[in-house]
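Me: I have a model open and want to learn to read it. Can we go feature by feature?

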Amino acid sequence: MIIETDRLTREFRVRGKGAAALRRNTLRAVDELQLRVSPGESLGYIGANGAGKSTTIKMLVGILVPTSGSVRTCGLDPHRDRRRLAAEVGVVFGQRSQLWWDLPVRESFDILAAIHRLPGSDARSRTAELIEQLELTDFLLTPVRQLSLGQRMRAEVAAALLHRPRLVILDEPTIGLDVLSKQRLREFLITERQTHGTTLLLTTHDMGDIERLCERVLVVDHGATVYDGSLDGLARAAGSDRTLVLDFVDATPDLTGIPHTTHLGSEVAGARQRLAFDSERTTAAAVLAAVGQQAELRDLSIEEPDIEDVVRRIYQARR
Ligand SMILES: Nc1ncnc2c1ncn2[C@@H]1O[C@H](COP(=O)(O)OP(=O)(O)OP(=O)(O)O)[C@@H](O)[C@H]1O
């Protein structure tokens with residue numbers, strides 16, 4: 001296992017508000033988390049603000065000590081073996097930098113290569129690989145403080161991956177990035193996993209990140225896991241339907257009687273209709289066959305459930 005936790009818990013002592021300000025309360029940020037991640041997996045970690053994601057990551061890399069329970073990362077005790085763990089893990093905190101603000105990007109890489117004691121030839125070839133794949137050439141000699149956010153994030157990712165860590169942890173890697181920078185970063189991470197078998201754990205509020213990068217999704221609420229499984233399964237768990245968008249040759253009466261479907265609406269006098277269908281109980285093909293008996297189809301598409309919606313539903317179901 002790359003990550004293995006057993007009832008991992010972290011509490012904070014916080015002051016209450018108003019009249020309760022004198023009392024100290026205990027806030028449980030991570031609540032008995034059971035997590036096992038195998039080598040090569042890519043895991044998306046989702047949850048509302050304050051759900052406990054950053055606290056978990058800090059325990060995984062040894063910055064914070066658990067209140068109770070246990071955690072092993074790459075077979076090590078993260079807090080006790082922080083030095084050794086640093087050789088195995090690369091971390092990117094979207095909001096914080098590990099580059100030297102006043103130095104050109106290139107020099108930050110050289111310093112990091114020295115810190116990780118990479119042999120000269122290895123450091124050169126890896127740096128060249130990252131510069132090419134993350135398209136850093138144009139600003140290698142620019143001081144970090146002058147970079148745009150998109151440029152800096154790409155440099156941060158290169159810095160975190162320079163020593164070829166087995167596990168890469170990214171906390172909100174695409175926050176604030178424009179579409180193109182996001183796309184570049186995602187493509188790079190996909191290639192990196194394919195070529196080096198890197199394990200990936202990322203927290204994000206951007207469902208595009210999850211869709212493109214993660215095979216497995218973990219949803220947390222108030223420090224506890226409420227879902228752990230595939231992205232497809234997440235939609236099913238929330239009971240979300242897929243939707244068929246049907247375009248007909250002619251105006252068509254509302255198709256309300258097709259088994260296991262819900263008629264969501266009609267436009268242009270029924271020439272376009274939307275039917276939600278329960279993919280556990282029927283298939284798109286069966287729905288289309290039934291529809292075809294009533295009207296002549298011109299075109300169709302299937303809309304997958306919106307993940308943000310799905311997560312919202314899971315949260316609501318727990319309230
Ligand atoms: N050092 C601390 N002292 C007191 N409370 C803390 C501390 N760090 C985190 N918390 C609290 O623990 C809870 C979990 O915070 P955490 O930062 O782990 O959430 P998160 O899921 O990463 O949120 P976000 O998406 O906003 O980054 C929050 O209620 C937060 O206020």
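Me: How do the residues of the shell around the ligand divide into nonpolar, polar and charged?

Reply: First, the ground rules. This is a predicted model: local features need pLDDT of at least 70, side-chain atom pairs count only at pLDDT 80 or more, and totals for chains, interfaces and linings use all residues. Numbering starts from 1 along each chain as its sequence is written. Ala, Val, Leu, Ile, Met, Phe, Trp, Tyr, Cys and Pro count as nonpolar; Asp, Glu, Lys and Arg as charged; the others, Gly among them, as polar. Here the shell has five nonpolar, six polar and one charged.

Me: Which residues surround the ligand?

Reply: A residue is near if its C-beta atom, placed from the backbone, lies within 6 Å. Among them are Phe-12, Leu-27, Asn-49, Lys-53 and Thr-55. β1 (3-15), β2 (24-37) and α1 (53-60) each give two or more residues. α1 gives the most, with three. Helices (H or I, at least four residues) and strands (E, at least two) are DSSP runs, numbered from the N terminus.

Me: What is the strand order in the open sheet?

Reply: Strands of a sheet pair through backbone hydrogen bonds, either parallel or antiparallel. Pairing needs at least two DSSP bridges between two strands. The order here is β2-β1-β4, with antiparallel pairing. β2 and β4 (68-73) are the edge strands. β1 and β4 pair over five bridges. Ile-3 stands opposite Thr-73 in β4.

Me: Which residues of α3 meet α5?

Reply: Contact means C-beta atoms, placed from the backbone, within 7 Å. Val-105, Ser-108, Phe-109 and Leu-112 in α3 meet Ala-155, Ala-158 and Ala-159 in α5. That contact has six nonpolar residues, one polar and no charged.

Definitions and conventions. Contact = placed C-beta atoms within 7 Å.
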